[in-house]
Amino acid sequence: MRCPLGILLACLAWIFTCTTTVDAKAKAPDWLVQAAEAKNPEFQPKNRPGVVVLWDEGVYDYREDGTLLSTFRYAIRIVEPSGKSRARAYASYREGSSRISRIKAWSIDRDNNVYAFKNSDIDDVASTSFALYSESRAKICDGESRCQTGSVFGYEYTREEKSVFSQSMWFFQSNVPVLLSRIEISVPEGWNVEGTGFHGAPASTRDGNRYFWQMENLPKIVSEMDAPYRSVNRSFLSIDVRPPEGERTKHSSLRFETWEDVANYTATIQDPQMTASPEIIAKARELTAGSEDVWSKVKAIGDYVKSLRYASINFDLGQGGGYIPRSASEVFEVGYGDCKDKANLLRSMLGVVGIKAYPVVVNASDNDRVYPDWPSPFYFNHCIAAVEVDESVDTHAVVEDKKLGRILFVDATSELTPIGELPFEEQGGLTVIGKMGQDELVRLPQAPPEGNLSGRTMWVELFPNGSILGVVHDTYKGKKADEERRIRLHSDEKEYKAIYERWIGNGNSSAVVRLNSINDNAATDRSFKVQFEFAIPRYAKNMRNQLLIFKPAILSRQEESPYEKRSRTMPLRIAPSMVSEDSVIYLPAGFKVDDMEESVEIETDFARYSATLEQVKDKLLYKRSLKFNDKIVPPEDYSEVQDFYRSVIEADQTPVVLARIDD
Amino acid sequence: MFKAKVLIVTLFAASLILSLPMEGAAWEPLTDEERSSTQSEIDPNAGAEVLYKSIFMDGESPENSFREYYLRIKIYDERGAESLGNYRIVYDSNGAKLGSHGARIVKPDGTVDEIEKSEFFNQNIKNNRSGSLRSWSFSFPELEPGDIVDIKYRIDLNDYYYTPQLFVDFQEQWPLRRADIKVRPATWVTGNNYIKWMTSKCDSKGMKKDAHGCYNLSVGNFGASIDEPHQPPQEQDVAWLLFYVGGDGKLGDTYWKNEGSKLYRKMVGTTKPGKKVDEVVGSILDGISGEEEKLQTIYRYCTTEIVNSLHGEPDRLSADDRKNIDSDMAAEKVLNQGFGSPVNVNTVFCALARAAGFDARMAAVNSRDGYQFSRPLASIDTIMRDRCVAIKLGESWSYFDPGGRYLPFGQLDWQNENVMVLIADKKRLELVPTPVSQADSSIQKSKAKLELSEMGTLWGKVAFEFSGHFDVAFKRALDGRSPQEQREFVKNVLSAQWPRAAVSAIEISNAANPLEPLTIACDINITSYAEAIGDRLFLKVNVFQESAEPEFPETSRNSDMFFEFAKREIEIAEIKLPENFELEEASAPRPFENKGVFIYSPKLGIKQKSNTLLYSNDFTFTATFLPVRYYGTVKKLFDDKHAGDQHTITLKKMSTEASNL
């Protein structure tokens, strides 16, 4: 029998109505309803956050074979319109070793209407765009369009994970206020859970094989410029889950109880990958042919490995693939690799010529990440090499280690930092050297202020109309050289010249520059040298042809302080660096010095500034130096830093007044 | 400039690069010229050069349609080598799949290093309800100057995916020596539809059809795309090709007349009188007789009584409300629900005006920040996407855009000024230019009442008032922010203007009021504003431009100069000087002008009695577009203005006896 069209349409209409009814009557889970009932904390006027975290919960359930089932619940309330962009569920996983078995999200508007997001609202995305290939992925549900100010957005998801790692971290605080943050861990009988709290994180509560940690009404964490990472005092928990002694589980099997465990793990997974192929052997010998000492061999091989392209391929992340390099022969053959690939190839090639080297895991972006009390590889995001060297190697990247002897650290990934130095961000950080039995953290060396030098010699002629012509010889070292290399690398000659013209003009668009020479001495003394000439029309202010006013600190004047904020609650890390300048300024005929500051000297324990100005016949000799020591300044001494900068600015901005000599 | 390490090529963006060889075809032979080239003739500074780029889009057979890409690049220096690190090909795996592909490096000595197939990594990068994106990525080993890189690949399209449209941008990161584009549409396309194409800034006579049904274009010698201040929009500034198929055969005026007629039919439906329309017109126009007053009343109603989904207070609409918005909604429905999109608001305005007896029409208008209008580019969706309302007042048309919230009555967005507008008409072609607003319509007025200390600290109150396009732009920037966020935004803007100033007591008025001008007031305190040395203070008299950078810092330029709108900036400052200081050298900055286009009129005076400096400046700039050949003149004018804005006077401490007088 044929179905009449009218009935069919009615059925379709009914189905559609039912569908919309289901939406309209969507219910939020109990935890989200409870979270949404919480009131916002009192905010300081003019300091309302974009959102408040109402609920942040992780429930970890370890199975007998080490599989981890974790359920996460998270809810926020939108406080300010800018907070709407945080209404976004994000469930990360690693293809191959974990999966998101369930993800749900809801929004609750100001009138308590609940909207349940549909499966079709969920995107599944590769979460890194820099790697050639990565297993890191995420399921994402963007809730911004459903949220208004006052709305609550919440989500929960369950992840099943089969990983070798059994460590994790739980951060209670966020950069917005958190009303409730809790973690619960369940383990099979006989397993041990050890949670170590940092910065006020609580001890656990235990109920049989279930462990709980909970914090409530947490203020937002606030970081301050140049504050060491750990001074932020963000409450967190480090977690170690261990099966019974002697029992080997299929997953969650790795234990890191000491730094020696981390060193041994690093050595165990990396050493087998460094076997040298015949091609590697041949290349290493070719590169070092004629090299007589250790330094020249390390440099030849280091420069070669650095020249290989950086490309990252991440496989087997759940099995520790993020720490395991590809074999040296494979990297050598394809001609590219990531940091661990490069460090491993470097070790392999150095081994060919009889130089021993070890892998070193470091944090490349922050040298204050490592908490020595909790041994773990999780702090580290970068791999370099520690090379055993002799006295022929003498650079800022060398340390004398009581166990390993004389060690040169080599970062074969950095495209800017020459062999013999370390990128500035890595310097001074704690690291693990991947050698069996290495039971202590090692601190990377820190270059002295003179190692990060910006040195300038300048000859300048000042004309009666206020224009100046100058010749400059600049020498950069260390961090300053790296910065200059970065600019040069990313600009062609025309752009580089334009950058100089903008810098030298300092607001005067008529400044002209001729670059005479640019020498990157990365291969020799590691300096970067630029020699140029410049002209700046109207540099000196000509007051009705009677006065000429100009600043003798012609280039790189301190114009403003980086520390304008009135007060500070965290220590301030002063980074070591140095600026030194010697200028000869020829005065215009017909003018005499009417007013000038002859010398300024400011000294603190974190920095020293001096400037002297001396008239010798028709010229002024101007010397200026600014040196910052490697120092942590406590917050109570913050005003000293501000005073120092104020004084430097004042000194750098102080002009010389020339007056016309009466006929 | 595009500097990303990972080059992403998407099938959708189609502003693609490469192309050609057939399945399994050999690499394109290298010419002696390509081998020996040591620098780009187009730009000797370039770190690399695209020697050859081709795209072949073949849709002749629905079962075997594909796009083929070929790219050949010569590396000249380290930057060029660095730019070609990792390469990623992205495509929609629901509609396409990667066919043959390869990449190789030809070294200067002729040795060839081909990337192994195993070094191409395939990954699903996004899955969602609208599709699935996959990528194939690979990395070149370290490249050196002198290397030539070839990349080729083919995207096979499934039966349903094929769309005969192609956009090619010829100016990207590096100069381009030669490009061949070939398109073979399906026979069903060429049988019943019309092939159309358009090029911009290409020295070419257009595409030529060959005996195989392919449309071909060969072009070359393009410089890289570069960033310059006041650059015209990308669509007007770089060379490109747009190939498309029109659904009907109409071209030129015939096409536009037909589109005007379609607009008219649609307008008749959406502005149809109804109960609500009549009710609103009756109530708001009751007792009003003047034509302009009536229109203003309708305009005010539309901008204040209908919630605009794009601007204003977005929180007033729920997600479900937003779902109910459809740009084709009739005015009656929009009025009943009380909210709508900008087009809906314009529809209501048009409907109410028609109901009030005006000859009001919906109109499609070109935008200055997109493709320039061109009669042959027969695609209303490409070059006339904006909508406004045209109303015949007397003999001429006036234009209104109440949907573009914060636009004053009778003013269009700057993008829609001085461009072509197509007015809905049943029979005639009404294609005319829109007017351009004068500088007096867009004024930024800055006022300051300040005091200077002996140490050079400057403090006091400043206030700003905006009109016209200034007002619209600032209000839109404040849109959707809470009062706290608005103050933070304003503070950031002021901090950019005075980096060393402490800014406090920020008051913002009329931020969401479409009828009144936006005003901002605050207190500032700038330590060491004036340089103090010995007995002298050196004072920059134009407080508002203290940290201004030169408008055109470069000595040379490649692109034409584009300015959003004609403008006037009025700056007035009173600075009470320290009591015991007097003017030593107090020349005024020099006023100047250029043919009425650029007028700079600074004035400086002093109130002797109160020892107060009076500074004012009235700056007018009326140009909206200037060819690059005028760069020298324009740069000099702006440089002179900058120098004037940085003008400094000297104050000297009076002797004790003098100060006691």
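**Reading a helix and a patch**

Modeller: In H10(B), the buried residues are B:Asn344, B:Val345, B:Asn346, B:Thr347, B:Val348, B:Phe349, B:Cys350, B:Ala351, B:Leu352 and B:Ala353. Buried means under 20% relative accessible area, exposed over 50%, and partly exposed in between (1.4 Å probe, protein chains only). The model is predicted: local features need pLDDT of at least 70, side-chain atom pairs count only at pLDDT 80 or more, and totals for chains, interfaces and linings use all residues. Residues are numbered from 1 along each chain as its sequence is written, chains are lettered from A in the order in which they are written, and side-chain values use heavy atoms, without hydrogens and water.

Biologist: How many of the 14 residues of H10(B) are buried?

Modeller: Ten are, and the helix is mostly covered. Helices are DSSP runs (H or I, at least four residues), numbered from the N terminus.

Biologist: What span should helix H10 of chain B have?

Modeller: The expected span is 1.5 Å times one less than the number of residues. For residues 342-355 of chain B this gives 20 Å, and the end C-alpha atoms are 20 Å apart, which agrees. Just after H10(B), B:Gly357 takes a positive phi of about 100°.

Biologist: Which residues form the negative surface patch?

Modeller: Patch residues have over 30% relative accessible area and no salt bridge, with like charges joined within 9 Å. Here A:Glu279, A:Glu333, B:Asp113, B:Glu114 and B:Glu116 form the patch. A:Glu279 lies in helix H4 (residues 278-288) of chain A, and counts as partly exposed because its relative accessibility is 48%.

Terms used:
Patch = residues over 30% accessible without salt bridge, like charges linked within 9 Å, V, L, I, M, F, W, Y side chains within 5 Å. Areas by Shrake-Rupley, 256 points an atom, 1.4 Å probe, with all protein chains shown as cover. Salt bridge = Lys/Arg side-chain N within 4 Å of Asp/Glu carboxyl O. Lys, Arg positive; Asp, Glu negative; His and termini not counted. Charge placed at Lys NZ, Arg CZ, Asp CG, Glu CD. Helix = DSSP H or I, 4+ residues; strand = E, 2+ residues; numbered from the N terminus.
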